[in-house]
Protein chains: 2
Amino acid sequence: MPLQTDILSLAANQARGLAIDAVHKCNSGHLGLPLGCAEIGAVLFGNVLAFNPDAPRWLNRDRFVLSAGHGSMFIYSWLHLSGFDLSLEDLKNFRALHSKTPGHPEFHETPGIECTTGPLGQGIANATGLALSQAAAAARFNTAEHTIFDNHVVALAGDGCMQEGVALEAISFAAHQKLDNLILIYDSNDVTLDAMANKSQGGDDAKRFKALGWDVQTIDGHDLNAVLKAFNKAKKATGKPQLIIAKTTIAKGIPEVAGTAKGHGEGGAKFSDGARSGLGLPADQHFFVSDDVRAYFAGHKKKLVRNYKKWVKTFEAWKAANPEKAALLDSRNARISAAHLLEKTPLFPADAKLATRAAGQQILQAVAAELPLLIGGSADLYGSTLNYIASDKDFDETNRAGRNIRFGIREHAMASIANGIAYDGIFRPSVATFLVFADYSRPAMRLASLSKLPVLYIYTHDSVGVGEDGPTHQPVETVSGLRVIPGFDVIRPGDPEEAAGAYAAALERTDGPTLLSLTRQAIPLLNDIPPHIRRAGVLKGGYVAVQETAPLTTILMASGSELQYAVNAAKILGEGTRVVSMPCFERFNRQPAEYREAILPTAVRKRVAIEAGVTGLWYQYVGLDGKVIGIDRFGMSAPGATVFKELGITTEAVVTAVQSLS
Amino acid sequence: MPLQTDILSLAANQARGLAIDAVHKCNSGHLGLPLGCAEIGAVLFGNVLAFNPDAPRWLNRDRFVLSAGHGSMFIYSWLHLSGFDLSLEDLKNFRALHSKTPGHPEFHETPGIECTTGPLGQGIANATGLALSQAAAAARFNTAEHTIFDNHVVALAGDGCMQEGVALEAISFAAHQKLDNLILIYDSNDVTLDAMANKSQGGDDAKRFKALGWDVQTIDGHDLNAVLKAFNKAKKATGKPQLIIAKTTIAKGIPEVAGTAKGHGEGGAKFSDGARSGLGLPADQHFFVSDDVRAYFAGHKKKLVRNYKKWVKTFEAWKAANPEKAALLDSRNARISAAHLLEKTPLFPADAKLATRAAGQQILQAVAAELPLLIGGSADLYGSTLNYIASDKDFDETNRAGRNIRFGIREHAMASIANGIAYDGIFRPSVATFLVFADYSRPAMRLASLSKLPVLYIYTHDSVGVGEDGPTHQPVETVSGLRVIPGFDVIRPGDPEEAAGAYAAALERTDGPTLLSLTRQAIPLLNDIPPHIRRAGVLKGGYVAVQETAPLTTILMASGSELQYAVNAAKILGEGTRVVSMPCFERFNRQPAEYREAILPTAVRKRVAIEAGVTGLWYQYVGLDGKVIGIDRFGMSAPGATVFKELGITTEAVVTAVQSLS
């Protein structure tokens, strides 16, 4: 539709005013982007984007991701003006306790926020994940008769995002995958937080993106018509992701700081009176929105809702014509029970000895059949992580319905793209690499936990059992490093049956991420413990694996591949010894106090834990009187079994430790 | 010098043989790169690189970094052939326990290894750090009369490294900084571990690098003359870093797997007999090196040593002419004592109330004066991290002597470049960003610890005290997440004087990294504790801050900004209460058992700890009978003081917890 530049210019300046007033009021926040990108916001929310404020999770909406999350007043202002459930009062509570307008946009907190952003670079990768999800959804659900998914994903990023490695990985990935439903707007204002951007960056961005396989347009980001033209061109383009380099003036509207690093944060707020006057805003009315701007957006909303209703009609027709597809799409909202998944996962032969990653390979095939919307990927390690869904093929430009994504050697973007898929909520994402490289994806894992995203991490080679690859590849602190992230479940199964429980636990969970920490090396099935006990025990996080046969004197604890040593030690130590398998600290700590007391009675202080990793977190279970057998150093390059012995992770060590306790 | 292609071709094939035999012997390792890059190795070690095997740490050697560390047999073979202290026996012990030839190259383990590599992408950033260090050294130490530093840094990387975000960040940084002493060889073999590279990457690499500001050459990596020509051109070029895209055949020499993903790892080893025959190696003699190849490298070594001796003469003349510069350069090897640094750091006014980051700003100026080789940088946050060395200026293309590096918004490369600087051993690197973004630099931090590099991390905004920026920017688990890395010291000072102790402790340490976790918010000086106790106490990691005045009944513990609450609570709780300040778990845990027992007597079980973060690691000090007041959830967006109260981090909480204990 033709652009009403007069009213949208006015809206842009009023959005600037909202940002200035909100930041001024709480004396905190970032003015640079909301002011520098006001015209972009006006065109996006006043014209380009398809959405319905009354149905903010509409399946076929255009997704907008503010990768530069510090500019949060940008998105809050435009969501408010567009008619989302975000009042002027909410804007006035910017950055206040329990408000809907926190310092950085948070998924779950505010309608219309697609992703939690702020940690730089993440939003670009999240948007790549949304684009992937939408492309996959279109491939799975659209039919020749009915188009259910045909939207775009638009991300707005500044220099900060564009310098980050996670963004650079995602940018390469998006190009390689030819995600042409992805539009990235680069707010290029030549300024970073500290200084002019030319103090830290250079080169020719347009050429760089073109070399990677993007289409590139460069425009004046304050020219409403230019912005509209660029978006319309980008939306029509096919075969490549779309970059719009929008040259802008940071903090435009506050002459004292505009175009400088001082314009980035709240520094300009002290000039708010002059700025508001310059922007044509009434001196006596803060948080001002004029009636004509209100009227424009009310009218625009009507158009948006009309389009939405058209889609609903199509959707209903599609549902009627494609009941199976509709049921599949609906299944995204169903919670699948662990019990059901376990029922569908065959028991392993009792005499089997195999790595939990290899067990995982078999379990994955069983659960993938139950969860057709489960998709996965590996950071170029399918041959080692063994998480290829064998019933399906690669996801790629020619097969958007494929369930296996080759992420390349891009662990950080992989995890952040998985977040994007999870934010979208249609597919259930799982990703894989070596456990030691969890460090590469940690910032995205943290955000998965913060945003309660049910991402499944299948991370293998989980101890010094890695062997010859040596300390660079042997996690010793990685498991503990992840356990400390709030809401992040780490499950380290002790044998193949516990691995089955781990998959079931992870996939049953819908309110947060779970990492499966799986062995490289083969380990025996622990047949002394009945299989259903091993499987169900994992769901509790910790459980009595071997019950004492006399009054309890000693508790042994272990996780993962070291559970076998605790079980063996109990046989030597005799009747009063209990073995507690502790595959998941987080799940155990969520159990009621009574359960925890039943497993680990407070009165029993002779406690020894064993784990092939750093010891610190185990003291919450063994206390000051117990001992932890672990590895508080880096590993070494040698065959795995040799390293285990050399570092004292053995049955004998458990026995000796118990005997040393009074 | 002209290339003896006949003998170097022979050497290349014998190096292939060494790799095949070593991998075959231990049935583990990676053949793809050593075989694919054999001609590159022959030209580098047989012609291009300046080094002296008898003085492997010669200041003006060319540095070679095998970023693709999994191809470790490449570097081991060429170091052996070149005459480094690495015997044929060492090669036969490839990947064996305690050998000098671990699975991935490890600094400290093998002469000639410049950096620990293997985690992909790191080596490219390490090499960038080496190049930065060498450029800085040249600027500081070369004179019009004498050139002491004029070498090159050469890094070899494969597709895996080139896809990683950390590498992409470093590549941008190197271009921006115009580090023309950096030569990156891209082993472009069109294959990754899982599959053909075109399954995960695309685009035009040469154009991409040119757009960033690199010079690019593309060559046949198996053509000895082409390789030599490219290096000679790259070494002569100025003003830009140099990329050589070497097209190679992975695993060349084992026809059954060459050019395919199967050639990457040890898969080709089973074809070793045929391969060795095809390479012209004797069937009956494994680990074969011919006499003429030995003779060539012996002769080449003589030339290298002659050049080295020429340099030594120049160096001696330079020393005589520039005693001050010589003393400065020598000072890199001196260990500076914490006592000395503390003596030079003025006390803070007793009535001061300031953030530990602001205290750090002042302390840094004092210690920087004592350590003229201390250089630093920030990830575009100097205005917040406050770690600019005010007596000096920016490091940039026009001022290589500047002590302040603007790393851009590239936390991962920043930390990895700092590792490169530390590996070089001339400058002492320090880097800074918000603590929550330690996650972005974690893989490099782990390697700093593994390689015992004394990198200083000045990471600020260390708790929910961050306030309005909200949970994305509020570390709650970050401190604990870092504490679990073996050998990695995290110091969280409780007031400005403890901050002085923290800087002194960190800079005295030469065998590993230290992170300073500093507050955003102002905190009071804890004048109840004498300043020298606060300063010296930090060196022990934990110390008695407030001594009980009656028989000890209760121990309170705290770190960082929460120490004030423990001190306040002790006043309320009365005479039998001791306050233990615990700024650094790692230092405390390294103290003798007697010291630890004196601070935390085993018999006293009424213990309460408080820290504005996750609680898990504190149980090693409070045991099963104590309590930890912490934050086992993510934070919230609101003013910092509000968040502290809302999450229960208060003096009252400490008192109540103590009272609840029997």
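**Exercise 1. In which helix of chain A is the place of A:Arg306?**

Solution. This is a predicted model in which local features need pLDDT of at least 70 and side-chain atom pairs count only at pLDDT 80 or more, while totals for chains, interfaces and linings use all residues. Residues are numbered from 1 along each chain as its sequence is written, chains are lettered from A and ligands numbered from 1 in the order in which they are written, and side-chain values use heavy atoms, with hydrogens and water left out.

Step 1. A:Arg306 belongs to helix H12 (residues 291–321) of chain A. Helices (H or I, at least four residues) and strands (E, at least two) are DSSP runs, numbered from the N terminus.

Step 2. A:Arg306 counts as exposed because its relative accessibility is 52%. The classes are buried (under 20% relative accessible area), exposed (over 50%) and partly exposed (in between), with a 1.4 Å probe and protein chains only. The areas themselves come from the Shrake-Rupley method with a 1.4 Å probe, and for residues only the protein chains shown count as cover.

Step 3. On the surface, A:Arg306 gathers with A:Lys302, A:Lys303 and A:Lys310 in a patch of positive charge. Patches are made of residues with over 30% relative accessible area and no salt bridge; like charges are joined within 9 Å, and nonpolar side chains (Val, Leu, Ile, Met, Phe, Trp, Tyr) within 5 Å. Lys and Arg count as positive and Asp and Glu as negative, whereas His and the chain ends are not counted. The place of a charge is taken as NZ of Lys, CZ of Arg, CG of Asp or CD of Glu.

**Exercise 2. Examine the residues that UniProt lists under "binding site" in chain A.**

Solution. Step 1. The unreviewed entry lists A:His30, A:His264, A:Arg357, A:Ser384, A:His461, A:Asp469, A:His473 and A:Arg520. UniProt positions are given in the numbering used here, feature names are shortened, and annotations may be inferred rather than shown by experiment.

Step 2. These residues do not all gather at one spot, because they span 491 residues in sequence and the farthest two C-alpha atoms are 47.8 Å apart.

Step 3. A:Ser384 is part of helix H16 (residues 382–385) of chain A. With 14% relative accessibility, A:Ser384 counts as buried.

Step 4. A:His461 sits in the loop between strand S11 (456–460) and helix H19 (478–483) of chain A. A:His461 is buried, its relative accessible area being 6%. Its phi is near 65 degrees, a positive value in a residue other than glycine. Most residues other than glycine have a negative phi.

Step 5. In chain B, B:Ala251 also has a positive phi, near 60 degrees. B:Ala251 is located in the loop between strand S5 (242–247) and helix H11 (272–278) of chain B, and is buried at a relative accessible area of 0%.

**Exercise 3. Describe the domain record for chain A.**

Solution. Step 1. From an unreviewed entry, UniProt gives residues 354–525 of chain A as "domain: Transketolase-like pyrimidine-binding".

Step 2. Over residues 354–525 the chain is 38% helix and 19% strand, and the end C-alpha atoms lie 8 Å apart.

**Exercise 4. How many salt bridges does the structure hold over all chains?**

Solution. Step 1. Over all chains, 63 salt bridges are present. A salt bridge is a side-chain nitrogen of Lys or Arg within 4 Å of a carboxyl oxygen of Asp or Glu.

Step 2. A:Glu548 pairs with A:Arg578, with the closest N and O atoms 2.8 Å apart. A:Glu548 lies in the loop between strand S15 (543–546) and strand S16 (554–558), and A:Arg578 in strand S17 (residues 577–581), so this pair ties together parts of chain A that are 30 residues apart in sequence. Both A:Glu548 and A:Arg578 are buried.

Step 3. In chain B, B:Asp424 and B:Arg63 form a salt bridge at 2.8 Å, N to O. B:Asp424 is in helix H17 (residues 411–424) and B:Arg63 in strand S1 (residues 63–66), so the pair ties together parts of chain B that are 361 residues apart in sequence. Both B:Asp424 and B:Arg63 are buried.

Step 4. The side chains of A:Asp511 and A:Arg509 are joined by a salt bridge (3.1 Å, N to O). A:Asp511 is partly exposed at 45% relative accessibility, whereas A:Arg509 is buried at 7%.
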